[in-house]
Amino acid sequence: MRSFDFAPLYRSSVGFDQIANMMDRVLTNDGATPSYPPYNIEKLDNDAYRISIAVAGFSDSDLSVEVREKALIVSARKADGDEAKSYLHRGIATRAFERRFHLADHVQVTGAAHANGMLHIELERQVPEALKPRQIAISSEVKAIEKDVVDAKSVN
């Protein structure tokens with residue numbers, strides 16, 4: 001696999017290290033990406049998203065959804081109650097997992113629901129008013145800009 005050096009990006013830019021780190025993670029992916037549990041990421045609207053994770057066999061108390069340092073961390077740990085059971089076939093995986101999703105700037109988790117073996121996590125991009133584009137009114141009058149300038153003749 002090809003290796004990319006992001007050193008030139010670090011030398012000529014400020015504040016883009018998160019993008020370079022993300023690209024480095026994606027490009028160094030060696031196929032060992034965990035596939036359990038399966039999940040979907042849906043775009044519901046321009047600024048609304050939903051992550052749906054298949055969590056069959058887990059109860060609400062077994063699941064944890066946490067936002068920490070611009071990352072959504074979903075984890076599950078099954079309570080120790082299944083050792084007493086004797087299975088002839090066990091096809092439903094209930095092993096512990098932790099799945100991380102990196103969140104973009106201004107993306108907030110607005111809710112989570114667990115129903116029918118699916119964990120649905122709602123996300124929304126909430127851009128502050130100061131960062132939203134705004135229209136500037138154009139006036140037909142030209143206003144004189146007053147400067148605080150001292151006349152040189154009056155000083156001398």
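Trainee: Where is D62 found?
Mentor: D62 sits in the loop between strand 2 and strand 3 (63-68), where strands (E, at least two residues) are DSSP runs, numbered from the N terminus. Keep in mind that this is a predicted model, in which local features need pLDDT of at least 70, side-chain atom pairs count only at pLDDT 80 or more, and totals for chains, interfaces and linings use all residues. Residues are numbered from 1 along each chain as its sequence is written, and side-chain values use heavy atoms, with hydrogens and water left out.

Trainee: Is D62 buried or exposed?
Mentor: D62 is buried, because its relative accessible area is 11%, and buried means under 20%, exposed over 50% and partly exposed in between, with a 1.4 Å probe and protein chains only.

Trainee: And which residues does D62 touch?
Mentor: Leaving aside residues up to four places away in sequence, D62 touches G57, S75, A76, R77, K78 and A79, where contact means heavy atoms within 4.5 Å.

Trainee: Switching to strand 2, why is it largely enclosed?
Mentor: Five of the seven residues of strand 2 (residues 48-54) are buried, so the rest of the structure largely encloses it.

Trainee: How does strand 2 pair with strand 1?
Mentor: Strand 2 and strand 1 (residues 39-45) pair in the antiparallel sense over six bridges, and pairing requires that DSSP finds at least two bridges between two strands. These two strands form a hairpin with two residues between them, and K43 stands opposite Y49 in strand 2.

Trainee: What about strand 7?
Mentor: Strand 7 (residues 118-125) pairs with strand 2 in the antiparallel sense over seven bridges, and there I53 stands opposite L119.

Key: Helices (H or I, at least four residues) and strands (E, at least two) are DSSP runs, numbered from the N terminus.
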